[in-house]
Each structure stands twice: as C-alpha cells, then as structure tokens.
Amino acid sequence: MSAENSSAQSMAAQIPGGLASAMVAPLSTYRLQLHPGFGFAQCRETLPYLAALGISHVYASPIFKARAGSTHGYDVCDHQTLNPELGTTEEFDALMAECKRLGMGWIQDIVPNHMAVSGDNGMLVDVLENGESSRYFNYFDIEWNHPYKSMAGRMLAPFLGVYYSQALDNGEIQIRFGEDGFSVHYYGIRLPLRIDSYGKILTHNLGEFRDKAGRDHPDYVKLLGILYNIENVSGEKREPEHYTQIFFIKRLLNEMYQTSPSIRGFIDANIRAFNGQETYEGDRYALLDDLLSEQFFRLSFWKVAGEEINYRRFFSINDLISLRSEDEAVFYHTHKLILERIRDQSFSGVRVDHIDGLFDPSSYLQRLRGQIPGAYVAVEKILTKEETLPTFWPIHGTTGYDFMSWACNLFVHSGNEGAFQKLYAGFAGMKESLADILTLQKREIIRRHMAGDVDNLARLFKTVSVMDRRGIDITMVALKQAITELLVQFPVYRTYISHESFRPADLTYVRDAIRATRRSNPDLSFELDFLQDFLLLEFGEAVRATGRREWVHFVMRFQQVTGPLMAKAMEDSTFYVFNRLLCLNEVGSDPGRFGMQPADWHASVRTRMEHWPAAMNATGTHDCKRGEDARMRLAALSELPEQWGETLKSLRRQTGGGPRRKGRQPSRNELYFLYQTLLAHMPFGEDELEGFKERLRLYLVKAMREAKVRSNWLNPNDEAEKAFCDAAESLLGPKGQSHFMGEFQPLLRRVARVGMVNSLSQALLKIAAPGIPDFYQGSELWDFSMVDPDNRRPVDFGTRRKALQEMDAAFGAAPLKLVRQLLERPEDGRIKLFLIWRGLHIRKEFPGLFTRGEYLPLAFTGARKDMAFGFARSLNGGTALAVVPRLFAKAAGPDGDFPLGAFWEDTALVPPRPKNFIDAFTGREFPAEDAIYLSDLFRELPLALLTPANGRPALPGGEPGQS
C-alpha cells in the first residue's frame with residue numbers, strides 16, 4: 001500500500017499532459033434540472049439567455065432513461081439510452097448543436113453508484129428472471145450467498161406496504177401475463193417470473209385441458225413443446241443459447257395466447273387460480289405462495305430492509321439498488337454512452353454523483369480519467385471540518401459544498417456565538433450538544449434503517465477474522481455492538497484506504513474513532529483493537545494472500561457504510577433538530593462552526609487554489625436545505641442577537657410559557673425553527689404569500705419527519721404535523737396580517753435588507769475567487785427556496801431573459817443611471833441578475849486573470865476597516881479587485897440601510913499595486929492611488945469589482961472616482 005504522494009504521481013502519469021494542459025476548464029457553469037416538463041427542447045430555448053448571461057457551460061442533471069415520471073433523473077433505468085421523457089435523440093442532437101453554435105460546453109451529471117428497482121430497468125429484470133444465467137448477474141451489489149435461507153439465491157424485494165402474508169391474503173400480489181411473459185405485480189411494481197417456473201402455471205390443470213382439447217390437438221402439442229423447452233432452458237448457460245430459447249418460449253406462448261381462444265382461456269383460468277380468484281377448500285393462496293418461493297426475489301414488507309437486507313442501497317432507499325462499478329464490465333456498460341458523447345465532444349466533462357458510495361472511488365476515478373483524459377471531472381464530495389480532498393484523485397475538484405460553507409460563514413458574526421447559544425438554550429430548552437444529537441441520530445438511523453447493513457458487516461468480518469487466532473473468541477453479539485459504536489463515532493463521511501492508496505489523514509480518522517469508541521465502551525476494547533488492525537490493513541503474520549484480499553474487502557465494505565450513515569444522521573436528521581442558526585445547517589457545513597475570520601477564509605481559498613484551482617464555487621445546489629439568499633438573511637441575523645432576543649421574548653409572551661397540550665402543540669425547538677424559517681424564506685411581495693403558505697406547510701411536514709423527534713417517515717404523527725402547520729398558518733394570518741407579524745416585521749425588514757447586500761457580496765466573491773462559479777437554476781434572481789422538492793420548482797426564464805435584454809440596452813447607454821434604478825427596487829432581484837451578468841462578462845474578458853491569477857488578500861484602514869473584505873487577482877501585471885462589506889448590520893441602523901457613501905467614513909482599501917481601475921458595475925474610473933476610499937468606491941453600490949483599465953475608456957455615463 002503506497003502513500004498519498006506516490007499514488008498522486010502514478011495517477012497523474014496516466015493523464016497525457018496533466019490536468020492543466022489537457023483541457024480548458026469552464027469559466028462558469030449553470031445547473032439545469034431536466035424533467036418531463038423541461039426537456040431537451042425547452043433547454044435548447046434557454047441556451048441563448050444563458051450565453052447572454054455569460055455562462056460558459058451548462059451543467060445538466062442526469063439525462064439517461066429513468067423511472068417513468070422521474071423529476072430528477074437519479075433513478076436511472078438504462079445508462080445507454082437518453083430519457084425519452086426528456087425528448088427524442090433528434091431533439092438532443094439539436095440541443096448539442098445549439099450549444100456548439102453559442103460556443104457553450106456541457107457538463108453532464110452521471111450516476112455510477114446505483115439504479116432504480118423498476119420494471120423499466122432491463123438489466124435488473126434480466127437478473128431477476130434468469131438468476132445466475134443472466135449476463136448481468138454480477139452487475140448489481142447483491143449478496144446471493146446470504147446465510148439466511150429466505151435470501152439465499154434470492155434478492156430481497158422490500159416493496160410491500162404490509163407484511164408479505166397480509167399482502168398475499170389481501171389479494172394485492174397478482175400474477176399477470178403479457179408480451180414479456182409472466183410477471184408478478186404489486187400495485188405499480190412489476191417483477192418477472194423466472195422462466196423455469198412458467199411450468200408450474202402451464203401444467204396446472206393441464207390434464208383437463210388435454211381431455212377437453214384432445215391429445216392430438218395442435219394447441220396441446222404446441223403447449224407440450226413449450227413445456228419441453230421450459231424444462232430444458234435452465235440447463236443452458238447465458239448467451240446466446242439461453243436467451244434464444246427464452247425469446248422462443250415467450251414469442252410462441254404469446255402468439256398462441258393471442259390466436260387461440262382455448263389457450264387464452266386455459267392460461268387466464270390458471271392465472272385466476274394462482275391469484276386466489278377461484279373457489280378452493282383450504283389455502284386459496286398456496287399456489288401463489290409456492291410459486292413466489294421459487295423466484296430469484298423475495299417479496300417483503302418494506303420495513304424489513306432496515307433490519308435484514310442482502311443488496312446495497314443508495315442510502316436507505318429500498319428502490320435504488322447499487323451497482324458494482326468496480327467491475328470493469330459494469331463500468332464500460334454503464335459509461336458507454338457517456339464516453340461516446342465526450343469523445344465526440346458533445347460533453348465537455350462530467351460531474352460524478354455520490355462518489356463516496358463507490359467500492360473504490362480512487363480506482364474508479366483512475367479508470368474514468370484513463371478513458372477521458374481531456375475532460376473536466378468534478379465529484380460530489382462533502383468535506384467535514386478540516387478534511388481535505390484526496391490529492392491523488394485525478395479530478396478537477398468538488399462540486400463546491402466547501403466553498404458554499406465558507407461563503408456563508410464569512411458573513412456570520414463569530415463573536416456572537418455565545419449569545420446565540422444562550423438564546424437558543426433559553427428559548428428552546430435545548431441542553432444537548434450538537435455532538436450529542438448527532439450521536440443519538442446515528443444510533444437511531446442504524447436501529448431503524450441500517451441494522452441489516454451492520455449485520456452484513458459483522459458476518460463478513462466474522463468470516464474473515466477467524467483466519468487470525470485473535471478473532472476466534474469474538475462473538476457476533478460483541479462484534480455487532482463494536483461495529484455499531486465505531487460507526488457512531490466515525491468523524492468523516494468515509495475514508496479511502498485500499499491496497500493502492502490512502503491519505504495519512506485516513507489512518508488518523510480511524511484511530512481517533514477507535515479511541516473515542518473505546519472511551520465510551522471499555523468492555524469492547526479487545527474487539528475494537530482487532531477492528532482497528534483490520535481497518536488499517538495491519539495484517540498478522542498468519543494471514544495469507546487469500547485472507548488479505550478478503551480482509552481488504554471488509555475494509556472497503558465498511559467504508560461504504562460510514563457515508564450513508566453520516567449523511568442520513570447529519571443532513572437528514574440533525575440539521576432539523578439542532579436549530580441554533582439555520583444558515584449553518586447546510587450540506588457541506590458544520591452547524592457547530594459559527595462564522596469564519598477573514599484570515600481563515602483567505603487561507604482556505606489559497607489552499608484550494610493551490611490544489612484544486614478548477615473546483616466549482618457553489619452557493620446553491622439541488623440538494624441544498626435552503627436557497628442561497630435565504631441563508632444570507634440568517635447570516636445577517638447572526639449580527640443581531642439583542643434584537644433577536646427581544647423578538648423572542650415578545651413572541652414567547654404571546655404564546656405563553658409552554659405548549660398548552662403536551663405532544664399536540666409545537667415544541668419550543670420547533671417554534672425556534674419556524675421563526676428562523678419565516679425570516680429566511682418570507683417573500684417580498686404580498687401577492688406571493690398564499691403560495692408561500694402552501695409551500696411552507698409541505699416543508700414543515702418534511703422538517704418534522706426528518707427531525708425524527710415527534711414524527712418520522714416510518715410512523716408519521718399526523719396530529720403533531722397538523723399542529724405545527726396550523727401554528728404557522730395562524731402566525732401569518734389570513735392576509736399576512738397578525739399580531740405576530742407586527743412584532744416580527746421590524747426584524748424581518750432589517751435582516752431582509754442586510755441579507756440582500758450579503759447575497760450580492762456572496763455572488764461577487766463566487767465570481768472573482770479562484771474556482772469555477774456555479775449557478776443553480778433561477779438563482780440569478782433572489783432565491784428563497786426551501787429544500788427539495790421546493791427548490792426544483794419551474795424557473796421563469798422568460799422574465800429573466802426580458803430583464804437581461806433591458807439591462808443590456810440601459811447599461812450601454814448609462815451604467816450609473818441603471819444601477820440607481822435597480823437599487824430603487826432591489827426586492828425584484830434584478831440587481832442580483834445585473835451583478836452576475838457583469839461579473840461573468842468580466843471573467844470572459846479576463847479569463848486568465850480569474851482562472852490563473854495570483855490571489856492576494858486586501859488590507860483596509862480606517863474606522864470601519866473590519867466591515868470591509870476583499871481580495872485581488874493578479875496576472876502578468878493585470879490586477880482586479882473584489883471588495884464587499886460584511887458584518888455591518890448594527891451600524892446600518894434599524895431599517896438595514898445599504899452601506900453607501902458616507903457610511904464608510906475614513907475607511908480605505910490599500911491596493912497591492914496601485915493601478916488604474918474601472919468598476920465593472922458602475923463604469924466609474926479610479927486612477928492609480930495608494931488608497932481607495934470606500935466612501936467613494938461604494939458611493940452608488942455597496943460592493944465593487946475593479947478591473948484593469950489597460951487603456952480602456954470608462955464606460956458611458958461612468959463618473960470618475962474621487963480618490
């Protein structure tokens with residue numbers, strides 16, 4: 001096993017010319033969510049607007065054939081086929097042609113980890129029909145040799161809404177016949193019967209059919225021929241003979257069913273008999289039960305999968321089954337169309353979904369890079385705390401959750417952490433720490449959803465550990481407990497330890513987790529010590545080569561479990577329970593980290609630039625818990641603990657000292673969540689309020705179930721959910737007027753105004769900082785969306801296109817006049833659209849400066865220097881400056897006035913190199929000086945992007961600065 005640096009060198013050697021020279025990274029990306037209502041044709045119509053905005057690359061959600069009606073595309077059914085619900089191949093080709101005409105690239109989101117369990121998934125249907133004879137038998141991550149007899153040689157199919165026996169007795173499980181042969185149906189679920197079990201149906205009452213039709217009747221003779229082929233097909237192995245015989249059987253059987261009334265009547269009668277629709281003495285469903293017991297799947301109640309499961313799922317979602325992408329055949333089958341599209345230059349690169357779910361992410365990325373050496377590759381990877389991305393991965397970086405966390409924390413006032421903790425504890429009565437809540441949630445996730453995964457790990461470990469004498473006396477009970485406790489204590493989503501590579505940090509994560517587990521479970525010290533040896537691949541002398549392979553296999557399996565557990569426990573649970581400041585409860589963020597100092601921000605960005613200069617800078621994604629501008633409102637709240645505290649006191653007096661009926665009224669913690677939610681997401685316009693109320697109701701139900709405190713997805717508490725939603729409805733009032741809103745309005749107005757400036761600043765930092773600015777669809781106007789599916793609502797591109805066209809014309813004539821007009825009504829969001837448009841076009845004008853330019857923190861002087869933040873980008877003598885305000889809410893006054901002009905008093909920035917600059921937004925020219933006063937720089941707009949003058953004239957209507 002080699003260390004990180006040597007692995008990095010070996011992988012880099014396989015990329016011709018290295019990453020930097022192999023391709024030109026995008027200048028900017030724009031995420032589009034494709035679905036049946038927004039397919040290839042609609043996407044094509046949107047491209048001219050995106051090009052005018054300044055976007056260089058579309059960044060598209062999965063476009064391969066998915067489950068019928070899919071709204072997101074991650075439930076893939078066929079990686080080699082475009083999703084017909086998005087449009088035709090001709091429409092897609094036209095879309096690609098339009099991209100090329102506009103000079104735009106295409107980054108494609110791919111899903112290598114899992115597929116949908118669906119009748120539309122031809123590979124899985126083939127496996128469930130043919131078992132070991134299927135050409136795809138090894139494609140899915142199924143444990144066919146499970147020790148439980150009910151799952152040995154059968155895939156668990158946990159899709160029933162009730163227990164199997166109840167579903168059977170209720171007549172909900174039915175056999176049907178169609179063009180594709182016999183299949184099992186349970187409401188919308190369709191699973192194929194194995195071919196050799198057709199005989200049970202076709203021989204039932206066969207004697208009666210013979211006596212009635214006669215031995216020499218052609219139909220009877222043909223039926224005997226089919227039965228003969230069925231009896232012998234199981235003896236054939238895979239292709240081509242096996243599939244030829246199956247095709248013949250199905251084709252002939254369907255032809256007879258369609259043309260012969262006697263055969264149709266015989267088959268229909270037998271189906272009724274198996275479905276329990278005939279009158280019987282005794283068990284009317286015995287025939288069906290016996291038939292189902294022979295299949296390559298075992299139907300079960302969906303809750304069974306939480307405790308017993310023999311296939312790997314995406315997180316704990318039963319109807320998403322994982323692939324064995326580490327297998328070369330699986331890789332090339334599922335990536336065939338992707339690779340073809342990259343090679344013909346339709347796609348510029350890929351975004352790899354859920355990289356942590358793969359068996360060996362490092363080897364997968366190495367294989368992928370070997371096939372597409374010149375393509376842009378980003379991975380969806382969540383980094384916790386101070387964790388870094390493995391530098392030996394041959395990629396360009398992550399999709400930007402790390403940047404999103406920094407961008408938010410920069411505007412959170414770290415000095416107010418103690419005050420907010422006190423307010424939260426006092427109002428909500430929360431005594432548990434974040435760590436305590438996360439630990440509790442991990443235990444609950446394991447108990448309710450992943451006990452089967454732990455059981456599988458323990459059995460695998462037990463099988464391997466007996467090769468070492470230290471493992472002989474370790475019992476399954478102790479082993480399950482040790483694995484559970486270690487999973488609970490694991491500090492990161494996953495490690496990347498394998499024979500080929502590892503990060504030194506990975507070893508530290510394992511040792512730290514073992515140490516923490518041992519402290520709380522001293523009676524498991526022996527088991528934990530042995531587990532540590534396994535996870536660190538510290539083989540004993542007695543372990544032979546075969547045993548070592550199995551040992552490594554266990555480690556890889558263990559690493560596949562830590563990620564889903566962390567994601568479910570943190571993102572889908574703790575984020576809805578620990579509610580101190582909700583803008584920090586975001587994917588990729590740590591709610592325990594309250595703010596970020598400028599020096600730390602600069603250091604983080606510089607490190608990222610050194611290792612991952614082409615990583616994405618995201619501030620919003622389809623997986624975010626709240627829209628990027630909603631987070632910026634709550635960041636503004638972090639500056640106002642006194643006003644927040646007074647507001648909470650007033651609201652507490654209104655609602656009394658506590659819940660009036662325990663268990664029925666919202667808890668204090670839920671109310672604390674609700675108040676912040678209203679601050680973050682309340683729309684500007686009164687006309688939007690009714691729609692907002694309905695969206696809020698759906699969101700609150702989801703939030704309660706995710707929190708898993710008084711309700712959950714397994715056992716929803718309808719009464720508690722209704723009480724929570726009714727409380728929100730009563731607070732808002734029938735027309736948005738209530739005593740609550742009267743108390744709430746001053747704080748809402750203040751954080752909304754400050755939040756707008758924070759949002760504009762966040763957008764500018766994203767555009768100017770090292771990395772690729774990524775924009776989530778629609779977020780070029782204010783984005784106060786709530787979590788999925790709210791953030792996947794249709795985007796009104798027509799409104800955005802019209803606004804951009806008007807700005808383009810107005811800016812060319814008089815930039816300052818346009819800026820003043822936009823600031824007269826900032827609530828409509830056009831000021832944000834304007835800033836993004838201008839920023840992206842500056843990136844296009846100076847691409848080298850923003851992709852390769854040196855990053856230099858700016859220094860400020862004067863009374864309000866701590867409220868200013870900025871950096872310079874410099875390359876070959878050219879310099880650009882990005883300057884924004886931060887933590888100005890108190891000084892801005894109770895109405896959240898924008899920090900313009902005289903607000904800044906004597907505060908000035910010190911350029912690293914005095915240059916002549918032009919402000920990209922106002923068109924104003926600033927001559928070379930040793931200092932630029934913010935009272936002048938921010939005279940018209942409370943942020944600036946100063947770009948190299950280089951002999952360029954100031955824009956029309958742009959007044960000179962007074963520096």
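Me: What span does helix H31 reach from its first C-alpha to its last, and what is expected at 1.5 Å a residue?

Reply: In this predicted model, helix H31 (residues 830-845) has 16 residues and reaches 22 Å, close to the 22 Å expected; a helix here is a DSSP run of H or I with at least four residues, a strand a run of E with at least two, both numbered from the N terminus, and the expected span is 1.5 Å times one less than the number of residues. Residues are numbered from 1 along each chain as its sequence is written. Local features need pLDDT of at least 70 and side-chain atom pairs count only at pLDDT 80 or more, while totals for chains, interfaces and linings use all residues, and side-chain values use heavy atoms, with hydrogens and water left out.

Me: What makes H31 largely enclosed by the rest of the structure?

Reply: Buried means under 20% relative accessible area, exposed over 50% and partly exposed in between (1.4 Å probe, protein chains only). Twelve of the 16 residues of H31 are buried, so the helix is largely enclosed; among them are Phe834, Trp837 and Arg838.

Me: Why is Gly207 called partly exposed?

Reply: Gly207, which lies in helix H8 (residues 206-213), counts as partly exposed because its relative accessibility is 30%, a value between the limits of 20% and 50%.

Me: Which residues touch the most other members of the largest nonpolar core?

Reply: A nonpolar core is a set of buried Ala, Val, Leu, Ile, Met, Phe, Trp, Tyr and Cys residues joined through side-chain atoms within 4.5 Å. Of the 247 residues in the largest one, those touching the most other members include Trp601, Leu678 and Phe834, and helix H28 (residues 739-768) gives the largest share, 15 residues. Contact means heavy atoms within 4.5 Å, and Leu678 touches Phe692, Leu696, Leu731, Leu732, Phe740, Phe744 and Leu748, not counting residues up to four places away in sequence.

Me: What covers the buried residues of helix H26?

Reply: The cover of H26 (residues 689-707) includes helix H17 (434-465), helix H25 (668-681) and helix H27 (718-732), and the buried residues include Phe692 and Leu696.

Me: Why do strands E20 and E26 stand at the edges of their sheet?

Reply: Two strands pair if DSSP finds at least two bridges between them, and three bridges join E20 to strand E23 (residues 908-910). The open sheet has the order E20-E23-E26, with antiparallel pairing. Strand E20 (859-861) and strand E26 (932-933) each have a single partner strand, so one side of each is left without a neighbour in the sheet.
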